Amino acid sequence: MLKGPRDEFTPYPWLESFIMQVNLLCIGDVVGKPGRFVLSQVLPDLIRKYDLDCVICNAENAAGGSGLTGQLYKKFLHYGVNLITLGDHAYRKLDIIPVIEQSDHIVRPANFPPTSPGKTFAIYQTNIGPKVAVVSLLGRLYMRPTSDCPYRAIDNVLHQIPDEVKIIVVDIHAEATSEKIAMGWYLDGRASVVFGTHTHVSTADECILPQGTAYITDVGMTGPYDSVLGRKKDRVIRTLTTNIPSPFEVANDDPRLCGILVQVESTTGNATHIERIRVDVDNTDKIEPT
Ligand SMILES: [Fe+2]
Ligand SMILES: [Fe+2]
């Protein structure tokens, strides 16, 4: 359970205006209607329960399993998401492109070609004062579309983020665990959080690296777990066992939210706590097929 100085007695109250513990929640790939349903049901309570200052969410699978629409983007903000990251399906729904270009709450992968629409970082002003920057990066191993070097891209973006922004969160959206782990080490001490997405399976390697970066290889999917990575099991197995292609529809049952809670010190940007969370939702009768 996160607990910060705001909840504790301090003999130096004036210090609180300079040093604060900022509570972040990073949520993994929200898949289709079941993912959106669990997000809408659970997030407002999580914000209250953990006194969250900023919620970051990967929404690249939100619309029918691939992409994000402008209408769903508004719903995510309404549920309590503050910053949205994307991935290989960033432009799958074309009507999101004007939103990506104009909104200050959503980023496309920073190592997409420079001419790609959208911002390479976004900054959110928390209610308690400190600002949080978010960056999205795409891996290059076993990943389409191919993209530019993520290491060079993040170096460029870190130079552009104003010095006053101490809290920097990076979503490394990649297939290979090695690529995500390497990015964690590469950014240790330069980012507050490096969290992996795309593989949809939560990993048990959350830690705080030696220079103060909270890291996890994958925060896990927010969506239907009675599935293969969010898709209907029978469709996937049929295709795998026969080589007959079929559309992989989004599954319906056992929706869960997966993510990480991270506490970051406002003045240094160093993480002081990381923990995985998983919230199951029983009531699936409200979810219509996607
Ligand atoms: Fe992805
Ligand atoms: Fe995904």
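**Entry 1: just past a helix.** I am working with a predicted model. I began just after helix H1, where aspartate 51 takes a positive phi of about 55°.

Entry 2: I stepped back to H1, which covers residues 32–49.

**Entry 3: what is buried, and under what.** I looked up the buried residues of H1, and among them are Gly32, Phe37, Val38, Leu39 and Val42. What covers the buried residues of H1? My list includes helix H2 (70–79) and the strands E2 (54–58), E11 (255–265) and E12 (271–280).

**Entry 4: the neighbouring helix.** I compared H1 with H2 and noted that their axes come within 9 Å and cross at roughly 25°. Angles under 35 degrees count as roughly parallel, so H1 is roughly parallel to H2. The crossing of H1 past H2 is left-handed. For the contacts, I wrote down Arg36, Leu39, Ser40 and Leu43 on the H1 side, meeting Leu72, Lys75 and Tyr79 in H2.

Entry 5: I found tyrosine 142 in the loop between E5 and H4, with a positive phi of about 55° although it is not a glycine. Histidine 200 has a positive phi of about 70°, and I found it in the loop between E7 and E8. Is each of them buried or exposed? Tyrosine 142 counts as exposed because it has 9 C-beta neighbours inside 10 Å, while histidine 200, with 22, counts as buried.

**Entry 6: a cis bond.** In the loop between strand E5 (131–138) and helix H4 (150–160) I also came to proline 145. The peptide bond from arginine 144 to proline 145 is cis, with omega near -5°. Most peptide bonds are trans.

**Entry 7: one last loop.** I ended at asparagine 270, in the loop between E11 and E12. Asparagine 270 is partly exposed, because 18 other C-beta atoms lie within 10 Å. Its contacts, leaving out residues up to four places away in sequence, are Ser192, Gly212, Val264 and Glu265.

Conventions:
Residues numbered from 1 in each chain as written. Chains lettered and ligands numbered in written order. Predicted model: local features only at pLDDT ≥ 70, side-chain atom pairs only at ≥ 80, totals over all residues. Helix = DSSP H or I, 4+ residues; strand = E, 2+ residues; numbered from the N terminus. Expected span 1.5 Å × (residues − 1). Buried ≥ 20, exposed ≤ 12 C-beta atoms within 10 Å, placed from the backbone. Contact = placed C-beta atoms within 7 Å. Axes fitted to C-alpha atoms, helices over the stretch in contact; angles between N-to-C directions. Parallel < 35°, antiparallel > 145°, perpendicular 65-115°, else oblique. Left-handed = near helix turned anticlockwise from the far one by under 90°.
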